[in-house]
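Here is a walk through one protein chain, with the sequence and the 3D structure to follow along in. Have both open as you read.

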Amino acid sequence: MPSPSLIPSGKARVAGVAGWPVAHSRSPRIHGFWLRRYGIDGAYVPLAIRPDQFDLAVRGLAAAGFSGINVTVPHKRAAFELCDVLSPAARRAGAANTLVFQDGQISGDNTDGWGFLASLRERGIDPAAGPALLLGAGGSSRAIAASLQEGGVTVTLANRTRERAEAMARDLPGLRVIDWEQRSAALGDQALLVNTTTLGMAGQPALSIDLDRAGPRTAVADIVYVPLETPLLAQARARGLTTVDGLGLLLHQARPGFAAWFGVAPEVDAALRDFVLADLLPA
Ligand SMILES: NC(=O)c1ccc[n+]([C@@H]2O[C@H](COP(=O)([O-])OP(=O)(O)OC[C@H]3O[C@@H](n4cnc5c(N)ncnc54)[C@H](OP(=O)(O)O)[C@@H]3O)[C@@H](O)[C@H]2O)c1
């Protein structure tokens, strides 16, 4: 017989994560851990929502009394577009990953950039220590670039498809775009290198970059978290550079949503990290 404290009551607050597909999402595990840890009367569920049903489904969840939802691929732009109210971070990123349903309104935030900065601080890195080189111009890159810029950091961007980087620079003035081939040469001036491409992910080729061009104090972050130590991070660690893996972002980005829906500001610690990691490691 499970502990009655683990069974949601009729008054439980309910949230979830909307994606298509959603089966790979670790968010239920993260929020489920916190719900248990803090003994909260609540539930957090995966929501497989087809893109053509997204608006209908989200309005339905709000009408059904959900407190809010996380939004993952491919819905972050659609979520941004349906919100009544947007945070400055969501506006800068042009995407929303955290929705709060309250008083008949849908409010959208983007916590990826905030979560990334928190993951740097957790490793003792000051995000505003100096210029940053960002690789990749996808959805996550936009949120991370905007947060770094917000902290006064000069961001240089290299993307395989240059036009995509230039489109991002139009939305984020001050962003410096270089050719993909220039990424190693640009390393010397950077306090931080961030990989936001899919390179290094399980099943993908490794990112090729010459870390000999980096200074001894350049920190190297990779937002890919499967595997946790990407070839890029292994190479950086072998050179004695400070590294930041993608799990920190995954965990920290979840905090603002949980606080808004369940009323407790949750902590990211080793126990949570191990719990989520157990699900990422091959059996
Ligand atoms: N840690 C976390 O919580 C977290 C959060 C979000 C995302 N992620 C991870 O971050 C990665 C990117 O996610 P996203 O949503 O931003 O993806 P996305 O929007 O699909 O963008 C993918 C990026 O990777 C680049 N790319 C793909 N294949 C490449 C190749 N062979 N050579 C060079 N560049 C290549 C793309 O360049 P083009 O523009 O040229 O196609 C694009 O810039 C994924 O691995 C995802 O799992 C982690």
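## A look around the model

At 75% relative accessibility, D103 counts as exposed (exposed means over 50% relative accessible area, buried under 20%, and partly exposed in between, with a 1.4 Å probe and protein chains only). D103 is found in the loop between β5 (98-102) and β6 (105-109); helices (H or I, at least four residues) and strands (E, at least two) are DSSP runs, numbered from the N terminus. The phi of D103 is near 50°, a positive value in a residue other than glycine.

A word on where this comes from: this is a predicted model, in which local features need pLDDT of at least 70 and side-chain atom pairs count only at pLDDT 80 or more, while totals for chains, interfaces and linings use all residues. Residues are numbered from 1 along each chain as its sequence is written, and side-chain values use heavy atoms, with hydrogens and water left out.

**The cores**

In soluble globular proteins, nonpolar side chains tend to be buried together. A nonpolar core here is a set of buried Ala, Val, Leu, Ile, Met, Phe, Trp, Tyr and Cys residues joined through side-chain atoms within 4.5 Å. The largest one has 27 residues, and F116, L120, L148, L175 and L192 have the most contacts inside it. Two or more residues each come from α5 (112-122), β7 (132-135), α6 (139-150), β8 (155-158), α7 (162-171), β10 (192-195) and β11 (219-222). Helix α6 gives the largest share of this core, 4 residues.

Take L192 as a way in. Leaving aside residues up to four places away in sequence, L192 touches F116, L120, P131, A132, L133, L148, T218, A219 and A221 (contact means heavy atoms within 4.5 Å). There's also a second, separate core of 22 residues, which includes V17, Y44, V100 and W261.

Helix α5 is mostly covered, with 8 of its 11 residues buried. Those buried residues are D112, G113, G115, F116, L117, A118, S119 and L120, and they pack against α3, α6, β10, β11, β12 and α9. Just after α5, G124 takes a positive phi of about 80°.

**The pockets**

On a 1 Å grid over the protein atoms alone, a pocket is an open set of points with protein on both sides within 12 Å along at least five of seven lines, a 1.4 Å probe being used, and lining residues have an atom within 4 Å of a point. Grid points are joined across faces, edges and corners, and a volume is the space filled by probe spheres set on the points. For the lining, Ala, Val, Leu, Ile, Met, Phe, Trp, Tyr, Cys and Pro count as nonpolar, Asp, Glu, Lys and Arg as charged, and the others, Gly among them, as polar.

| Pocket | Volume | Lining make-up |
|---|---|---|
| Largest | about 1400 Å³ | 17 nonpolar, 20 polar and 7 charged residues |

Which residues lie nearest the centre of the largest pocket? They are V73, S140, T196, T198 and I223, out of 44 lining residues. The elements that give two or more residues to this lining are β3 (68-71), α3 (76-82), α6 and α9 (247-252), and the largest share, 3 residues, comes from α6.

The second largest pocket is lined by 13 residues, with L6, G32, L35, R36 and G42 nearest its centre. Helix α1 (residues 27-37) gives the most to that lining, with 4 residues.

**Two buried polar side chains**

H31 sits in helix α1 and is buried, with a relative accessible area of 0%. The side chains of H31 and N70 are joined by a polar contact of 3.3 Å (a pair of N or O atoms within 3.5 Å; within protein, one must be able to donate a hydrogen and the other to accept it, and residues adjacent in sequence count only if both atoms are side-chain atoms). Not counting residues up to four places away in sequence, H31 touches Y44, N70, A254, F258 and W261.

D245 lies in the loop between β12 (243-244) and α9, and at 17% relative accessibility D245 counts as buried. A polar contact of 2.6 Å joins the side chains of D245 and R273. A polar atom of the D245 side chain also lies 3.0 Å from the backbone nitrogen of L247.

**Cis peptide bonds**

The peptide bond from W20 to P21 is cis, with omega near 0°, and P21 is in the loop between β1 (13-19) and α1. The bond from V226 to P227 is cis as well, with omega near 5°; P227 is in the loop between β11 and α8 (231-238).
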